[in-house]
Amino acid sequence: MTKGIILAAALAAALPLHAAPAGDQHWSLLAGRLFPLVSSMKQESAGVAAVLDKRKKRMAACEQAPKCLLLAATWTDAEMAALADAIPAAATSSHQPPVADDGMRAQVARELRGLNAILQVYGFGTQPRYPTIDGPLEKGGSPDFKTLVADAITLADTAKNDPAAKLDPSIALALALLDVNERHEAASFEPLDQGHNAAALARARSIDWKRYRYTSIIVPGVGPENPIIPLSARGKLHVQLAASRFAEGDVAFIIVSGAAVHPRGSQFVEAVEMRKALIERHHVPADRIVIEPYARHTTTNLRNVTRRLAALGAPASQPALIVANTEQSRYIESPEFAARNAAELGYEPGTVGPRLSPYVLEFRPFPALAPHRPTGSARPLSHSALQPNQSRSPYFPHPAYRAGCRRGRSSAAIGPCPGHCP
């Protein structure tokens, strides 16, 4: 008996008095990509604490009823404003994530609009912008969809103390909705530049950019429509074009861009497959290739590549090249493409042209497009240039596709891009 008491006392003494909640590394990465500032905030402001307490009570009153909970978790304009106003007191200091150039208040609102969009698409079943490749696993409103939502609610409740979701239960709910739908792409390659692109970035630090006429060859992906094919015929063409042009010796790097897009549910990431082909089939040195594995459209190919060029430290005064099949190349220099950039990004990521061959265009990224810039001011769109539905769209296509990463242009705007778009 005495030995049992002594043993129990020893075990109790060995246990920490305040055990830290178990954290999900995947959720941590995903929250850091989608809600970097919001997920790092603390409840140090009385105003923030009051808002969050009211929200928690509102959600708790739903007792896990899906529609009630999703509505209760949705951030109102007033709640967004209250959280944004409290930023100086609530933001962390030493561990604060990089902030976009339009400031922390704007970033908080953008991240919360993105969270609302996740609830809309994956909770309510609202159709995303590109339903053929994006959105939930099951058809909105179907029994299987409702089961997924119920499972996400249960998952969110059990993980409500996860460090990534500590600020507000809506964060856990949004992460759980993405999780049960296998929408992991937004964080699948993180940390990108410290991992997959580390060798290229190390080389860039010592490179003499003046030796090269072009900073890079930009290679947009073209996904196959057959799920068993890793690299489409046009993808192979793009690789061949890039390797041939790179062999001329006046280009510093090749940047391959594209996510797992076509067909829906594909496991083959365009950027990864093109990099593999460049190395294995064309013997391009691995440290001369940069991957950009998040773009889901040609618009985001160019936008995301400008961020990789900034990460490389590429001089803004030097152009890059875009190599693509003739159809895609013509599209990139077309007024239609410029209009799509305006509609989906809210700006143009750079200047396209002149044309050098049927397959090759020059491209000059706007210098203002730094890695954490949400929109870019080099050629911004005026409010009058937007169609009415563009400033009020409550949807975004996919957590890995951040094409609509624009500033909300009205207090009711729910923009399609949370956090720092990939």
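β5 and β6 form a hairpin with four residues between them. The model is predicted, so let's explore it step by step.

Q: How many bridges join β5 to strand β6, and in what direction do these strands run relative to each other?
A: β5 and β6 make up a hairpin. Thr 351 stands opposite Arg 364 in β6, and Arg 355 stands opposite Leu 361 in β6. The joining of β5 to β6 (residues 360–365) is counted in bridges, and there are four, with the strands antiparallel.

Q: Which are the edge strands of the open sheet of six strands?
A: The order of the open sheet is β3-β2-β1-β4-β6-β5, and its pairing is mixed. An edge strand here pairs on one side only.

Q: Are α2 and α9 roughly parallel or roughly perpendicular to each other?
A: Helix α2 (residues 25–34) packs with helix α9 (residues 169–180) at an angle of about 110°, and their axes are 11 Å apart. Angles from 65 to 115 degrees count as roughly perpendicular. α2 and α9 are therefore roughly perpendicular.

Q: How do the residues of the contact of α2 with α9 divide into nonpolar, polar and charged?
A: The crossing of these two helices, α2 and α9, is right-handed. On the α2 side, the contact is made by His 26, Trp 27, Leu 30, Ala 31 and Leu 34. On the α9 side are Ala 172, Leu 175, Ala 176, Leu 178 and Asp 179. They divide into eight nonpolar, one polar and one charged.

Q: Why is the pair of Trp 209 and Phe 253 tilted?
A: A pair of aromatic rings is described by the distance of the centres and the angle of the planes. The structure holds three aromatic pairs. In the pair of Trp 209 and Phe 253, the centres are 5.8 Å apart and the planes lie at 50°, so the pair is tilted.

Q: How many residues apart are Trp 209 and Phe 253?
A: Trp 209 sits in the loop between α10 (198–206) and β1 (214–220). Phe 253 belongs to strand β2 (residues 251–257). The pair links distant parts of the chain, 44 residues apart.

Q: Where is Pro 263 found?
A: A cis peptide bond joins His 262 and Pro 263, with omega about -15°. Pro 263 is found in the loop between β2 and α12.

Q: In which loop is Glu 182 found?
A: Glu 182 is not a glycine, although its phi is positive at about 55°. Its place is the loop between α9 and α10.

Note on methods:
Residues numbered from 1 in each chain as written. Predicted model: local features only at pLDDT ≥ 70, side-chain atom pairs only at ≥ 80, totals over all residues. Heavy atoms only, no water. Pairing = 2+ DSSP bridges. Phe/Tyr/Trp six-rings, centres within 6.5 Å; stacked < 30°, edge-to-face > 60°. Axes fitted to C-alpha atoms, helices over the stretch in contact; angles between N-to-C directions. Parallel < 35°, antiparallel > 145°, perpendicular 65-115°, else oblique. Left-handed = near helix turned anticlockwise from the far one by under 90°. Contact = heavy atoms within 4.5 Å. Nonpolar A, V, L, I, M, F, W, Y, C, P; charged D, E, K, R; others polar.
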